[in-house]
Amino acid sequence: MLFNFGRKVYRHRWLTGLVIIFLITFHTLFSAKGATTVEGFESGSKSSYATADVTLSTGVWNLDDALIGNLSSDAKSGTQSARIRNSGKVSMKFDRTTGVGTVSIKHAKFGSDASTNWQLWCSGNSGISWSQVGSTVTTSSTTLQTATFTPNISGTSRCEVRKTDGTTNRTNIDDITITDYGTSGGGSSTSVHLTMGNPSGAGTANLNNYLLDKAQYAVGYNCSLGRANWVSWQLNSSWLGSTPRQDDFRADK
């Protein structure tokens, strides 16, 4: 059916401005945790510092030496926020398949506690290994401040907040906001073949989601599978030559 559609488009020259994207692996697109992820800790409940998974609005998060606080001393933008102590962590247990462009996090110290330090770490392989993003943040105010990071990780990715000072002083974390890879500028493309978007947030950091941006087409390549995850190209009137259409079918001999 797609072939017949292509023939009709060619015959009637409806090619001007038409972008056709062929997605070889539809799963890559439809299972993606795409668009902007904003976790405000409003929908979950965890009153203990003991390590446990919590289902929140964006997915499952692991809170290690951390809880969800709603006390008057908890700095928060809504009714709740995460509260971390010692060397605790707040970690995503799910992957974004559209990558991570920027991460912004609201933070404040809890009540009358002293200042604390924390870091953002991200993983491009479902949490097998992690890398620190940006510099260590010092939290010294009881009023929420915003720290912004630019991981620029394409494809499969997740992030976590790690308290690094090891003290009993507590840190409130709220409104973790994650954008797609490419939205920060570092991974964006001006390719005409990606006018309708980069389905998997492909780039050059992940060999299994590697962007090949050619003059004739764009490909999200998977090195492990030895094939494309998706292929995209634009067809328009500039691709038409002066040779008239001919019926040059020849029977096999």
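Two strands pair if DSSP finds at least two bridges between them. Helices (H or I, at least four residues) and strands (E, at least two) are DSSP runs, numbered from the N terminus.

This is a predicted model: local features need pLDDT of at least 70, side-chain atom pairs count only at pLDDT 80 or more, and totals for chains, interfaces and linings use all residues. Residues are numbered from 1 along each chain as its sequence is written, and side-chain values use heavy atoms, leaving out hydrogens and water.

The chain has 14 strands and 2 helices. Of its 253 residues, 43% are buried. Buried means under 20% relative accessible area, exposed over 50%, and partly exposed in between (1.4 Å probe, protein chains only).

Strand β10 covers residues 158-163. Because 5 of its 6 residues are buried, β10 is largely enclosed by the rest of the structure.

| Partner of β10 | Bridges | Direction | Opposite residues |
|---|---|---|---|
| β5 (residues 81-92) | 3 bridges | antiparallel | Lysine 89 and arginine 162 |

Now the core. A nonpolar core is a set of buried Ala, Val, Leu, Ile, Met, Phe, Trp, Tyr and Cys residues joined through side-chain atoms within 4.5 Å. The largest one has 28 residues. Val103, Ile105, Phe149 and Ile176 touch the most other members. Not counting residues up to four places away in sequence, isoleucine 105 touches several residues, including Trp118, Phe149, Val161 and Ile176. Contact here means heavy atoms within 4.5 Å. A second, separate core of 5 residues includes Ala202, Leu211, Ala218 and Trp230.
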